[in-house]
Amino acid sequence: HPLFPLQTDNLEWNNAWLMATVIDYYGACLCLCGVIVGTEEDWFRGALWSLGCCLLGSPICCLWIILRIWKHGSSGLCLQNDDRRSRYPSIDGGVD
């Protein structure tokens, strides 16, 4: 179903684009959830934030990013830092 011309009165067209939008959102959301779980200090907090992102949507995603950058600066989104590698050796095979 092409996007243009818009067919807002066509139920099949609307369903196709709704499904595409949902798949697109959850594709991006799951990537962000990986970053959240990878950067939070414990897995339970990461799991709760991820659940919020998946169930409550982009306002929770934005809130997590704002709070993370406020607390840690731009380096707070770094997935590999020495502190996490020492606490979770299975992430990098235990190599320091």
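**Entry 1**

I looked up Glu-40 and Arg-68, and both are buried. I then checked whether the two meet. Glu-40 forms a salt bridge with Arg-68, with 3.8 Å between the closest N and O atoms. This pair links distant parts of the chain, 28 residues apart. Glu-40 sits in the loop between H1 and helix H2 (43–56), while Arg-68 sits in helix H3 (residues 58–72). I noted for myself that the model is a predicted one.

How many salt bridges does a search of the whole structure find? I got 2. In the other entry on my list, Arg-45 and Glu-41 meet through their side chains at 3.9 Å, N to O. I looked up the cover on each partner. Arg-45 is partly exposed, at 38% relative accessibility. Glu-41 is also partly exposed, at 33%. Both values fall between the 20% and 50% cut-offs, so neither residue counts as buried or as exposed. As a reminder, side chains of opposite charge can pair when their charged atoms come close.

**Entry 2: helix H3**

Arg-68 sent me to H3. I counted 15 residues there. From first C-alpha to last, H3 reaches 21 Å, close to the 21 Å expected at 1.5 Å a residue.

Which residues of H3 are buried? I found Ile-60, Cys-61, Trp-64 and Arg-68. Seen down the axis of H3, these buried residues fall within an arc of 105°, so they line one face of the helix. I recalled that an α-helix has 3.6 residues a turn, so residues three or four places apart point the same way. On the other side of H3, I noted Pro-59, Ile-66 and Trp-70 as exposed.

**Entry 3: helix H1**

I checked the span of H1 next. Its 29 residues should span 42 Å at 1.5 Å a residue, and the end C-alpha atoms are 42 Å apart, which agrees. At the start of H1, a side-chain oxygen of Asn-10 comes to within 3.0 Å of the backbone nitrogen of Glu-12.

I listed the buried residues of H1: Trp-13, Cys-29, Leu-32, Cys-33, Ile-36, Gly-38 and Thr-39. I took a second look at Thr-39. Its relative accessibility is 3%, under the 20% cut-off, so Thr-39 counts as buried. The Thr-39 side chain reaches the backbone oxygen of Val-35 at 2.8 Å.

I have Tyr-26 down as partly exposed, with a relative accessible area of 35%. I also looked up its distance to Cys-53, 27 residues away along the chain: the two C-alpha atoms are separated by 9.4 Å.

**Entry 4: ahead of H1**

Is Phe-4 buried or exposed? I found a relative accessible area of 59%, over the 50% cut-off, so Phe-4 is exposed. Phe-4 lies in the segment before helix H1 (11–39). Together, Leu-3, Phe-4 and Leu-6 make a nonpolar surface patch of about 320 Å².

**Entry 5: the whole protein**

I closed with the overall tally. The protein has 5 helices and 0 strands. Along the sequence, I read the pattern as α-α-α-α-α. Of the 96 residues in the protein, 21% are buried.

Conventions: Residues are numbered from 1 along each chain as its sequence is written. This is a predicted model: local features need pLDDT of at least 70, side-chain atom pairs count only at pLDDT 80 or more; totals for chains, interfaces and linings use all residues. Side-chain values use heavy atoms; hydrogens and water are left out. Patches are made of residues with over 30% relative accessible area and no salt bridge: like charges are joined within 9 Å, nonpolar side chains (Val, Leu, Ile, Met, Phe, Trp, Tyr) within 5 Å. Accessible areas come from the Shrake-Rupley method with a 1.4 Å probe; for residues, only the protein chains shown count as cover. A salt bridge is a side-chain nitrogen of Lys or Arg within 4 Å of a carboxyl oxygen of Asp or Glu. Helices (H or I, at least four residues) and strands (E, at least two) are DSSP runs, numbered from the N terminus. Buried means under 20% relative accessible area, exposed over 50%, partly exposed in between (1.4 Å probe, protein chains only). A polar contact is a pair of N or O atoms within 3.5 Å; within protein, one must be able to donate a hydrogen and the other to accept it, and residues adjacent in sequence count only if both atoms are side-chain atoms. The expected span of a helix is 1.5 Å times one less than its number of residues. The arc is that of the directions from the helix axis to the C-beta atoms.
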